Amino acid sequence: MSELSHWVVRWLCHDLATPIASVMTASELLDDETPDAEINELIMSGAQRLTGRLRLVRLALGAGENAMAGTPLGKLVMAGLDGTSVDWQFSSDAIDGMAPLVAGCAMLVADLNRMRALVVTHDGVEVPQGCAWPDSVAAVFAGAPASDNRSAVAAMLVATAARAGKTLFSDNKGLRWS
């Protein structure tokens with residue numbers, strides 16, 4: 001397994017652990033004889049969060065280059081970023097490999113800037129309150145190899161951008177492509 005694959009697998013396992021743990025914990029509380037609406041709701045909520053996140057990860061890191069309309073792309077991104085406020089301004093179709101790039105950039109920026117709202121435009125993903133980049137992730141955007149879980153996702157996004165004919169740039173507001 002390559003070093004990049006190793007880091008991505010570690011990130012993915014960490015990323016999916018919380019919604020899976022929620023579903024497992026709630027299901028263990030169920031009694032075979034007495035259904036509980038609140039516990040059932042916890043299970044359903046956890047399963048929906050997990051499904052949304054898996055769809056986003058699949059699009060961002062594993063999808064082909066198919067086009068996707070802007071509105072469904074926005075819904076998929078928002079479902080995968082449960083709890084993150086997203087101002088979706090990407091209204092046109094995502095063609096020529098842009099769907100995975102937009103989804104992946106939104107996912108990484110949201111993950112690294114928890115609890116901060118995002119704005120997704122045709123030019124990038126912004127955090128109006130300012131964006132924080134760990135040194136390892138900033139280094140990847142400057143051309144260095146991945147060195148940890150998060151920088152591996154950044155490296156995959158750099159490759160995704162190249163396939164779409166774009167270059168990624170990071171700054172204190174977020175990620176931009178050109």
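Let's start with Met115, which counts as exposed at 76% relative accessibility. Exposed here means over 50% relative accessible area, buried means under 20%, and partly exposed is in between, with a 1.4 Å probe and protein chains only. Met115 is found in the loop between helix 4 and strand 2 (118–120). Its phi is near 70°, a positive value in a residue other than glycine. Why mention that? Most residues other than glycine have a negative phi, and most peptide bonds are trans.

Asp96 also has a positive phi, about 55°, although it is not a glycine. You'll find Asp96 in the loop between strand 1 (86–88) and helix 4. Asp96 is exposed, with a relative accessible area of 59%.

Before we go on, a word on what you're looking at. This is a predicted model, so local features need pLDDT of at least 70 and side-chain atom pairs count only at pLDDT 80 or more, while totals for chains, interfaces and linings use all residues. Residues are numbered from 1 along each chain as its sequence is written, and side-chain values use heavy atoms, with hydrogens and water left out.

Now the overall layout. The chain has 6 helices and 5 strands. Both are DSSP runs numbered from the N terminus: helices are H or I with at least four residues, strands are E with at least two. Walking along from the N terminus, the order is α-α-α-β-α-β-β-α-α-β-β. How many of the 178 residues count as buried? The share is 42%. Among contacts between residues at least 6 apart in sequence, 62% join residues at least 24 apart.

Next, please find helix 2, residues 37–62. One of its residues is Ser45, which is partly exposed, with a relative accessible area of 29%. Ser45 and Val23 are 22 residues apart in sequence, and their C-alpha atoms are 8.2 Å apart in space.

Helix 2 packs with helix 4 (residues 98–112) at an angle of about 125°, and their axes are 7 Å apart. Those axes are lines fitted to C-alpha atoms, for helices over the stretch in contact, and the angles run from 0 to 180 degrees between N-to-C directions. What do we call such an arrangement of helix 2 and helix 4? The two are oblique to each other. As for the cut-offs, angles under 35 degrees count as roughly parallel, over 145 as roughly antiparallel, 65 to 115 as roughly perpendicular, and the rest as oblique. The crossing of helix 2 and helix 4 is left-handed; that is the word when the near helix is turned anticlockwise from the far one by less than a right angle, and right-handed is used if clockwise.

Who makes the contact? From helix 2 come Arg53, Leu56, Val57, Leu59, Ala60 and Leu61, and from helix 4 come Ala99, Pro100, Ala103, Gly104, Met107 and Asp111. Sorted by class, that is 9 nonpolar, 1 polar and 2 charged residues. Nonpolar covers Ala, Val, Leu, Ile, Met, Phe, Trp, Tyr, Cys and Pro; charged covers Asp, Glu, Lys and Arg; the others, Gly among them, are polar.

Helix 2 also packs with helix 3, at an angle of about 120° and with axes 7 Å apart. Helix 2 and helix 3 are therefore oblique to each other, and their crossing is left-handed. Here Gly52, Arg53, Arg55, Leu56 and Leu59 of helix 2 meet Leu73, Leu76, Val77, Ala79 and Gly80 of helix 3. By class, this contact has 6 nonpolar, 2 polar and 2 charged residues.

Let's look at the loop between helix 2 and helix 3 (70–80), where Met68 sits. Leaving out residues up to four places away in sequence, Met68 touches Leu59, Leu73, Leu76, Asp93, Ala94 and Ala99. The C-alpha atoms of Met68 and Pro100 are separated by 9.5 Å, although these residues are 32 apart along the chain.

Is Thr160 buried or exposed? At 3% relative accessibility, Thr160 counts as buried.

Last, the cysteines. Cys105 counts as buried at 0% relative accessibility, and Cys131 counts as buried at 10%. How many disulfides does a search of the whole structure find? The search finds 0, taking a disulfide as a pair of cysteine sulfur atoms within 2.5 Å.

Conventions
Contact = heavy atoms within 4.5 Å.
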